[in-house]
Amino acid sequence: MHATLLFVTDINLFTYSPTLQELALLNQVEELENTINIIQEEGLKYIAGYAASRFANKYNHLGTSTEMVVNLQNDWINHISKGKLISPCSELLEVAKIMNEEFQNYHGNFIQKGPGIFKIIANKIEEKIINTTIPREVLLCLIRTRTYIRVRIINKQISADNHKRKYNKKMSIFTNRRVTTK
């Protein structure tokens with residue numbers, strides 16, 4: 001398999017017409033991005049439902065049991081719940097979206113180290129959600145849960161990297177060649 005590099009310097013983007021292959025590839029990328037966004041939204045809804053279930057006795061306005069929902073939505077939570085999960089209220093879901101945005105802005109692709117990271121993110125979120133009935137302890141639960149999920153993802157990546165490194169070391173000893181994989 002040979003790769004051909006094509007350098008185009010004189011292309012007029014206003015008159016350029018993509019080929020059918022380029023359009024098909026673009027559609028596939030857009031569908032993949034839409035799918036990823038749907039998965040992320042459903043995961044965030046699941047986290048918000050978890051927080052609502054943790055505080056269901058104290059703040060019963062945060063969500064509704066999926067067995068009590070009248071207009072079933074065609075979403076992941078209703079599909080897997082069998083009536084046992086909590087579907088978060090729209091206000092909690094909006095707060096969860098803001099929390100996720102602030103979480104991403106603060107941490108990036110890793111986890112910031114330092115004291116009080118939960119409180120720092122909670123303070124940033126509370127600046128944006130002035131007229132809401134979501135208590136701070138529920139907000140902190142959302143942040144804590146999101147942090148634990150990020151830590152689990154990072155740990156899995158570290159474990160996979162260590163496994164690759166260990167495998168490469170064994171292979172280099174076995175073959176007397178240095179083995180590298182990306």
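On a 1 Å grid over the protein atoms alone, a pocket is an open set of points with protein on both sides within 12 Å along at least five of seven lines, and its lining residues have an atom within 4 Å of a point. Grid points are joined across faces, edges and corners, and a volume is the space filled by probe spheres set on the points. Rolling a probe the size of a water molecule over the atoms shows where empty space is left.

The structure described here is a predicted model, in which local features need pLDDT of at least 70 and side-chain atom pairs count only at pLDDT 80 or more, while totals for chains, interfaces and linings use all residues. Residues are numbered from 1 along each chain as its sequence is written, and side-chain values use heavy atoms, with hydrogens and water left out.

The second largest pocket has a volume of about 220 Å³. Its lining includes Lys45, Tyr46, Ile47, Gly49 and Tyr50, as well as Ile77, Lys84, Thr145 and Ile149. The elements that give two or more residues to this lining are H1 and H5; helices (H or I, at least four residues) are DSSP runs, numbered from the N terminus. H1 provides the largest share of the lining of the second largest pocket, six residues. Sorted by class, this lining holds seven nonpolar, three polar and two charged residues. Here Ala, Val, Leu, Ile, Met, Phe, Trp, Tyr, Cys and Pro count as nonpolar, Asp, Glu, Lys and Arg as charged, and the others, Gly among them, as polar.

The largest pocket holds about 560 Å³ of space. It is lined by 19 residues, and the closest to its centre are Ile39, Gln40, Glu41, Gly43 and Leu44. At least two lining residues of the largest pocket come from each of H1, H3 and H5. Again H1 stands out, as it gives the most to the lining of the largest pocket, with 10 residues. The lining of the largest pocket divides into eight nonpolar, five polar and six charged residues.

Helix H1 deserves a look of its own. It has 35 residues and reaches 51 Å from its first C-alpha to its last, close to the 51 Å expected at 1.5 Å a residue; the expected span is 1.5 Å times one less than the number of residues. Several residues of H1 are buried, among them Leu44, Ile47, Ala48 and Gly49. Buried means under 20% relative accessible area, exposed over 50%, and partly exposed in between (1.4 Å probe, protein chains only). Glu42 and Lys45 are both buried too, and their side chains meet in a salt bridge (3.7 Å, N to O). The two residues lie in helix H1 (residues 20-54), three residues apart, about one turn of the helix.

A salt bridge is a side-chain nitrogen of Lys or Arg within 4 Å of a carboxyl oxygen of Asp or Glu, and by this rule the count comes to six. In another of these pairs, the side chains of Lys128 and Glu101 meet at 3.5 Å, N to O. This pair links distant parts of the chain, with Lys128 in helix H4 (residues 117-128) and Glu101 in helix H3 (residues 90-107), 27 residues apart. Lys128 is partly exposed, with a relative accessible area of 44%, and Glu101 is also partly exposed at 44%. Glu101, Glu102 and Lys128 are linked in a network of salt bridges.

Glu126 forms a salt bridge with Arg136, and the closest N and O atoms are 2.6 Å apart. Glu126 lies in helix H4 and Arg136 in helix H5 (residues 136-175), so the pair ties together parts that are 10 residues apart in sequence. Glu126 is partly exposed at 31% relative accessibility, and Arg136 is partly exposed at 29%.

Aromatic rings come next. Rings of Phe, Tyr and Trp (its six-membered ring) pair if their centres lie within 6.5 Å; planes under 30 degrees apart count as stacked, over 60 as edge-to-face and the rest as tilted. One aromatic pair is found in a search of the whole structure. The ring centres of Phe55 and Tyr59 are 6.2 Å apart and their planes are at 45 degrees, so the pair is tilted. Phe55 is buried, with a relative accessible area of 11%, and Tyr59 counts as buried at 19%.

Key:
1 Å grid on protein atoms, 1.4 Å probe; cavity = no way out; pocket = protein on both sides within 12 Å on 5 of 7 lines; lining within 4 Å.
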